[in-house]
Amino acid sequence: MSRVRSLTLAMAGVALLAPSAPPAAAPQPRAEPAARRAHPAAVPHARPVTPRYADPATPRRAADPAAARHSRPAAERSADPVSAADLLGRVRACTPVSRGRYRTDHGARSTVPVCGTRDAVFWKADMDIDCDGRPGRHCNARTDPHFSASTAFAQSDGRPLSAEELPYVVVPAPSAAWDYRSHGVRGGSVAAVVYRDRVRYAVVGDTGPRDIIGEASYAAAESLGIDPDPRAGGTPSGVTYIVFKDSEVTPVEDHESAVTKGKRLAREFVDGDG
């Protein structure tokens, strides 16, 4: 064997005995930042999350309910009942139409003016119980020491009104301080009476002393949740009486008609500027 061939065989043997190199590592995918992984765009066809206020079970409330009501068409608003807050908002300011002030009870100071707008007169006072008129189970000479069997205005058959059946309010008898007849008010005029969060409709049904204001029938008090007992009932304050000018219920004892007209007039009063 030649020297060259011997060296070639020796080198081949060394190559066979040498350790082989490890294979190259496979490329790894690029890690995304955690924030990007959580983003909905990284999840195809992800279902959108509905905000809590958009849940039909919990609708969003308007920031200003009164403004929302007035932004609706008039025909649509007319179907809504007028609330106590609506009416009280309209009679917040007083332009006196009486020349003086009234007492709420005998011996009390004169503190209550009769106020007026273009469409109504109103006053804020107590409520004493008028149990006059046709006697009944609750209103008679035994239950009321000041009972009178007559009322200033009569029903269509000529008989006195029934205080325990008909909601009505009492206006002061005409005087130099104020004459209701000069302000579009008469027997049968429609009235809205507000107490706390309640609104009830009534008619003008009787007159009282010339210097005292704040009185309504047994039925009117009862409908407002006020104790109607003629001896110890009534409430010392917090009642607002609104009488709509030039309105009238005929016959005066038709309470259903008073309610229907009262709701319409109250809506016009609240939505108007008079």
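**Basis.** I worked from a predicted model, where local features need pLDDT of at least 70, side-chain atom pairs count only at pLDDT 80 or more, and totals for chains, interfaces and linings use all residues. Residues are numbered from 1 along each chain as its sequence is written, and side-chain values use heavy atoms, with hydrogens and water left out.

**Entry: count and pairing.** I looked for disulfides, taken as pairs of cysteine sulfur atoms within 2.5 Å, and found 2. With the bonded cysteines of the chain numbered in sequence order, I noted the pairing as 1-2, 3-4.

**Entry: Cys 94 and Cys 115.** I read a sulfur separation of 1.9 Å for this disulfide. The angle about its S-S bond is -95 degrees, and I logged the link as left-handed. The pair joins distant parts of the chain, 21 residues apart: Cys 94 lies in the loop between helix 5 (84-90) and strand 1 (115-116), and Cys 115 in strand 1 itself. Helices (H or I, at least four residues) and strands (E, at least two) are DSSP runs numbered from the N terminus.

I then checked accessibility, where buried means under 20% relative accessible area, exposed over 50%, and partly exposed in between (1.4 Å probe, protein chains only). Cys 94 counts as partly exposed because its relative accessibility is 36%.

**Entry: Cys 131 and Cys 139.** The sulfur atoms of this disulfide are 1.9 Å apart. I logged this link as left-handed too, with -70 degrees about the S-S bond. Both Cys 131 and Cys 139 are buried.
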